[in-house]
Amino acid sequence: MKTEPLKELDQVLVFNSLNFVQSITKNYGAEQGMEMWDTIANTIDRRLKLEVFRAMMDGDRAEGHVKIIGAYPSSDKIHLIKTLRQFTKMGLAEARKMIEDLQNGNWLYVTVPYHEHPAAIVEFRKAGFML
């Protein structure tokens, strides 16, 4: 079953929840980490809870989605392509096609690893993407 990509704030919540549980576990032990997970799991909605749990199970393989709705007209197309490739591991032809699709008014959903998600958001905006 394919689900709709998470909204940007939901992705940040999942990323921060995952990192917080991992930090608590690393610094205070597994018991406190499980207590924190229980608190988070009882607080957030079911879909986000499943995303956090999946990310905990997948580790560095966990992925987040970024919705790109456009690019500023003054953006450098080459820089857009390079930034897209940096975080998505797309090939040159695929990234070029995605940028062309974006410039033709199509939105993009791209997948980035959770651990790179915050940096990807910052760099996408710096490159001239509208999220």
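Setting aside residues up to four places away in sequence, V66 touches Q11, L108, Y109, V110, V112, H117, I121, F124 and L131, where contact means heavy atoms within 4.5 Å. V66 also belongs to the largest nonpolar core, which has 19 residues. A nonpolar core here is a set of buried Ala, Val, Leu, Ile, Met, Phe, Trp, Tyr and Cys residues joined through side-chain atoms within 4.5 Å. Buried means under 20% relative accessible area, exposed means over 50%, and partly exposed lies in between, with a 1.4 Å probe and protein chains only.

Which members of this core touch the most other members? They are V66, I68, L84, V110, F124 and F129. At least two core residues come from each of β1 (63-68), α4, α5 (92-103), β3 (108-113) and α6.

A word on conventions. Residues are numbered from 1 along each chain as its sequence is written, and side-chain values use heavy atoms, with hydrogens and water left out. As the model is a prediction, local features need pLDDT of at least 70 and side-chain atom pairs count only at pLDDT 80 or more, whereas totals for chains, interfaces and linings use all residues.

Now the overall layout. The protein chain contains six helices and four strands, in the order α-α-α-β-β-α-α-β-α-β along the sequence. These elements are DSSP runs numbered from the N terminus, with helices being H or I of at least four residues and strands being E of at least two. The C-alpha trace spans about 50 × 30 × 20 Å along its principal axes. The chain has 131 residues, of which 36% count as buried. Among contacts with a separation of 6 or more, 70% are between residues 24 or more positions apart.

I turn to one helix pair. Two packed helices are described by the angle between their axes and the distance between the axes. For helix α4 (residues 77-88) and helix α6 (residues 117-127), the axes come within 9 Å and cross at roughly 170°. Helix α4 is therefore roughly antiparallel to α6, a label given to angles over 145 degrees, while those under 35 count as roughly parallel, 65 to 115 as roughly perpendicular and the rest as oblique. The axes are lines fitted to C-alpha atoms, for helices over the stretch in contact, and the angles run from 0 to 180 degrees between N-to-C directions.

Which residues meet at this contact? From α4 there are H79, L80, T83, L84 and F87, and from α6 there are A119, A120, E123, F124 and A127. By class, the residues of this contact are seven nonpolar, two polar and one charged. Ala, Val, Leu, Ile, Met, Phe, Trp, Tyr, Cys and Pro count as nonpolar, Asp, Glu, Lys and Arg as charged, and the others, Gly among them, as polar.

Next, the salt bridges. How many does the structure hold? There are three, each defined as a side-chain nitrogen of Lys or Arg within 4 Å of a carboxyl oxygen of Asp or Glu. K77 and E100 are joined by one of them, at 3.9 Å from N to O. This pair links distant parts of the chain, with K77 in helix α4 and E100 in helix α5, 23 residues apart. K77 is partly exposed at 31% relative accessibility, and E100 is partly exposed at 34%.

D101 and K97 form another salt bridge, at 3.0 Å from N to O. Both lie in helix α5, four residues apart, about one turn of the helix. K97 has a relative accessible area of 46% and is partly exposed.

E123 pairs with K126, their closest N and O atoms being 3.3 Å apart. These two residues lie in helix α6, three residues apart. E123 is partly exposed at 26%, whereas K126 is exposed at 60%.

Two single residues remain. S17, in helix α1 (residues 8-28), is buried because its relative accessible area is 10%. Setting aside residues up to four places away in sequence, S17 touches I40 and V52.

Most residues other than glycine have a negative phi. K89, however, has a positive phi of about 65° although it is not a glycine. K89 is found in the loop between α4 and α5 and is exposed, with a relative accessible area of 62%.
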